[in-house]
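Please read the briefing below alongside the sequence and the coordinates. The points are grouped by topic.

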Amino acid sequence: VIIPYSITLINDRTFYLASLKRIKLPSSLETIGKYSFSKCFSLETIIIPSSVTSIGQGCFSYCKSLIIVKFESPCKIKSIESLTFKDCFKLNQISIPPLCTKIDSCAFQNCSRLMGIILPSNVLQINNYCFNGCNRLSMVKFEMPSSLMEIKEGAFKDCYTLHQMSIPYSVTSIHEWAFEGCLSLDIRIPNSLNNIGNSAFW
């Protein structure tokens, strides 16, 4: 599918459950709505043009064949909304946009083939259950100087192979169950922390 250059908006659920394997997004595109490609079970690759400024909640959720997501440079996206890539079981390659300040709840939940992630220095929060169930995620790196302040509830829960992480000195709070079930974790906890929630490392 090739979307014409005149299109600036893809509305909510436009391609929901569509039988797409590939789609070419135009460089005129600015907004991709909520759940617009959700449950496109055959979609394998998506390239987000640099013109795009926002991607809605659950946009690529349940795309079980999605392997690669690329953001063209210079990327203007400032947040990864909740459920955006939830249950994209084959996703193994993605770079978080450098201007991103927020990764919202369950954004990458159950992306079970994601092996590594680099979080840009502008990210302020890793929200609830963001990487929960990413059971092959072994490496998380933070670009410095990091602005990260909070790692929220269940953010890395059940990331069984996550083995090393240096939490930035900017972090003041790690919420409950943030690293529950991270059986291989070797972690450095900074002196900046004011709060560690219940069962954070259980």
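This is a predicted model: local features need pLDDT of at least 70, side-chain atom pairs count only at pLDDT 80 or more; totals for chains, interfaces and linings use all residues.

**Backbone, sheet, rings and charges**

Tyr 35 counts as buried, because its relative accessibility is 16%.

- Tyr 35 is a residue other than glycine with a positive phi, near 55 degrees, and its place in the chain is the loop between strand 2 and strand 3 (45–48).
- Arg 13, which is not a glycine either, has a positive phi of about 60 degrees, and this residue sits in the loop between strand 1 (9–10) and strand 2 (31–32).
- Arg 13 counts as partly exposed, because its relative accessibility is 48%, whereas Tyr 35, at 16%, counts as buried.
- The peptide bond that joins Ser 73 and Pro 74 is cis, with omega about 0 degrees, and Pro 74 is found in the loop between strand 5 (68–71) and strand 6.
- Another cis peptide bond, again with omega about 0 degrees, joins Met 144 and Pro 145, and Pro 145 is placed in the loop between strand 10 and strand 11.

**Strands and their pairing**

- An open sheet is formed by 6 strands in the order 6-7-9-11-13-15, and the pairing within this sheet is parallel.
- Strand 6 and strand 15 are the edge strands of that sheet, each of them pairing on one side only.
- Strand 13 and strand 15 pair in the parallel sense over 2 bridges, and Ile 174 has Ile 196, in strand 15, as its bridge partner.
- Strand 8 (residues 116–119) pairs with strand 10 in the parallel sense over 4 bridges, and the bridge partner of Leu 119 in strand 10 is Phe 142.

**Aromatic pairs**

- The structure holds 8 aromatic pairs.
- One of them is the stacked pair of Phe 156 and Phe 179, with 5.3 Å from centre to centre and 5 degrees between the planes.
- This pair links distant parts of the chain, 23 residues apart, with Phe 156 in the loop between strand 11 (150–151) and strand 12 (164–166) and Phe 179 in the loop between strand 13 (173–174) and strand 14 (186–188).
- Phe 156 is buried, with a relative accessible area of 0%, and Phe 179 is also buried, with a relative accessible area of 1%.
- Phe 179 forms a stacked pair with Phe 201 as well, at 5.2 Å from centre to centre and with 0 degrees between the planes.
- Because Phe 179 lies in the loop between strand 13 and strand 14 and Phe 201 in the segment after strand 15 (195–196), this pair ties together parts that are 22 residues apart in sequence.
- Phe 201 is partly exposed, with a relative accessible area of 34%.
- Ring pairs link Phe 15, Phe 37, Phe 60, Phe 85, Phe 108, Phe 131, Phe 156, Phe 179 and Phe 201 into a cluster.

**Salt bridges**

- Side chains of opposite charge can pair when their charged atoms come close.
- The count of salt bridges in this model comes to 5.
- One of them joins Glu 81 to Lys 102, with the closest N and O atoms 4.0 Å apart.
- That pair links distant parts of the chain, 21 residues apart, with Glu 81 in the loop between strand 6 (79–80) and strand 7 (102–103) and Lys 102 in strand 7.
- Glu 81 counts as partly exposed at 22% relative accessibility, as does Lys 102 at 27%.
- Lys 102 also forms a salt bridge with Asp 104, whose closest N to O separation from it is 3.4 Å, and Asp 104 is buried, with a relative accessible area of 15%.
- Through salt bridges that share partners, Glu 81, Lys 102 and Asp 104 are joined into one network.
- A further salt bridge brings together the side chains of Asp 158 and Lys 157, at 3.2 Å from N to O.

**The largest pocket**

- The volume of the largest pocket is about 200 Å³.
- Its lining is made up of Arg 22, Ile 23, Lys 24, Leu 25, Ser 27, Thr 45, Ile 47, Pro 49 and Glu 72.
- Sorted by class, the lining of the largest pocket has 4 nonpolar, 2 polar and 3 charged residues.

Terms used: Residues are numbered from 1 along each chain as its sequence is written. Side-chain values use heavy atoms; hydrogens and water are left out. Two strands pair if DSSP finds at least two bridges between them. Buried means under 20% relative accessible area, exposed over 50%, partly exposed in between (1.4 Å probe, protein chains only). On a 1 Å grid over the protein atoms alone, a cavity is a set of points where a 1.4 Å probe fits but cannot get out, and a pocket is an open set with protein on both sides within 12 Å along at least five of seven lines; lining residues have an atom within 4 Å of a point. Grid points are joined across faces, edges and corners, and a volume is the space filled by probe spheres set on the points. Ala, Val, Leu, Ile, Met, Phe, Trp, Tyr, Cys and Pro count as nonpolar, Asp, Glu, Lys and Arg as charged, and the others, Gly among them, as polar. Rings of Phe, Tyr and Trp (its six-membered ring) pair if their centres lie within 6.5 Å; planes under 30 degrees apart count as stacked, over 60 as edge-to-face and the rest as tilted.
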